[in-house]
Amino acid sequence: MTAPVRIAILGAAGRMGQALISSARDLPGLVLAALIERPGAPAIGQSVDGVRIGADLAAVLDHFDVLIDFTRPASSLAALELCSAAGKPVVLGTTGFSPAEQAEVAAAARFIAVCQSANFSVGVNVLLRLLADAARALGPGYDVEIVEAHHRHKVDAPSGTALALGRAVATALGRDLEAVAVYGREGQTGARDSQTIGFATVRGGDVIGDHTVLFLGEGERLELSHRASSRGNFAGGALRAAAWLHGRPPGLYDMKAVLGL
Ligand code: NAD
């Protein structure tokens with residue numbers, strides 16, 4: 001019998017950290033080995049399932065096989081640096097990296113296996129595939145708009161998932177998302193440029209994550225939507241990615257690779 005994959009969770013007391021702990025309990029083949037929070041966090045010193053929440057990732061590097069990180073870009077980059085020196089793979093769920101920070105993620109992936117996805121849900125990754133097919137079949141005559149909604153605590157906008165959906169459509173249509181994205185509209189905007197991909201953001205309440213991509217044509221519109229009803233779908237996907245990542249050669253992987261999409 002193969003030994004279970006030992007998992008460490010950075011951001012263990014956060015919304016995703018808690019969802020990961022609770023999903024990991026049901027999974028054979030994985031074991032919770034280390035829990036880490038930011039120094040000074042109230043959860044430090046508490047025990048969850050017999051694992052003490054600590055504040056020092058460097059101190060537990062020998063205790064786990066794969067790190068799962070859902071925190072903030074600055075702590076993720078610090079963790080990637082430690083893990084790349086120690087040869088530990090990382091499942092990277094944090095969103096909101098600037099282009100320069102994303103380059104640091106890619107640099108770390110030259111030394112270790114990193115699985116990064118703006119959205120670890122299986123449904124969203126299937127949606128990414130469907131979108132590319134839809135965009136190619138509909139062609140350039142349909143205007144593309146993306147609407148996303150999240151809870152009031154989310155700190156970045158538009159969501160990393162909305163950007164990934166936009167990128168899937170842009171790539172399928174031969175456009176560069178950075179050049180065609182329009183983030184919100186206000187005032188005298190003029191008529192819509194047909195090349196653009198528009199993003200609209202809703203924030204409030206406890207919405208876990210809703211995304212709709214609209215293809216708006218003459219006389220019809222197609223809407224493809226995904227709605228998350230619990231964080232368990234992200235957590236389950238991230239844990240699946242962790243098991244898949246264990247033993248992989250260095251590289252920057254995504255959830256589509258994990259799912260074979
Ligand atoms: P949250 O604020 O509830 O949790 C973040 C946790 O990270 C907090 O407990 C915080 O104390 C901890 N943290 C911050 N700095 C740290 C450090 N230096 N060391 C250790 N812990 C530290 O946020 P959340 O809702 O769990 O989301 C976290 C991130 O994951 C966000 O970027 C969010 O957008 C992203 N997210 C991604 C997916 C996905 O599928 N990729 C899904 C949900 C959320």
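Helices (H or I, at least four residues) and strands (E, at least two) are DSSP runs, numbered from the N terminus. This is a predicted model, in which local features need pLDDT of at least 70, side-chain atom pairs count only at pLDDT 80 or more, and totals for chains, interfaces and linings use all residues. Residues are numbered from 1 along each chain as its sequence is written, and side-chain values use heavy atoms, with hydrogens and water left out.

**View 1. The chain and its elements.** Eight helices and 13 strands make up the count for the protein chain. Its C-alpha atoms fill a box of roughly 60 × 35 × 35 Å along the principal axes.

**View 2. Buried residues.** Of the 261 residues in the protein chain, 49% are buried (under 20% relative accessible area, 1.4 Å probe, protein chains only).

**View 3. The shell around the ligand.** The ligand is surrounded by 21 residues (a heavy atom within 4 Å of it). The closest are R15, M16, E37, T95 and F120. The shell holds seven nonpolar, nine polar and five charged residues. Here Ala, Val, Leu, Ile, Met, Phe, Trp, Tyr, Cys and Pro count as nonpolar, Asp, Glu, Lys and Arg as charged, and the others, Gly among them, as polar.

**View 4. Polar atoms at the ligand.** T95 brings a polar side-chain atom to 2.7 Å from a ligand oxygen atom. At M16, a polar backbone atom is 2.8 Å from an oxygen atom of the ligand. At S117, a polar backbone atom is 3.0 Å from a ligand nitrogen atom. The protein buries 83% of the 860 Å² that the ligand exposes when taken alone (Shrake-Rupley method, 1.4 Å probe).

Key:
Polar contact = N/O pair within 3.5 Å; in protein donor to acceptor, adjacent residues only side chain to side chain. Buried < 20%, exposed > 50% of the residue type's maximum accessible area, 1.4 Å probe, protein only.
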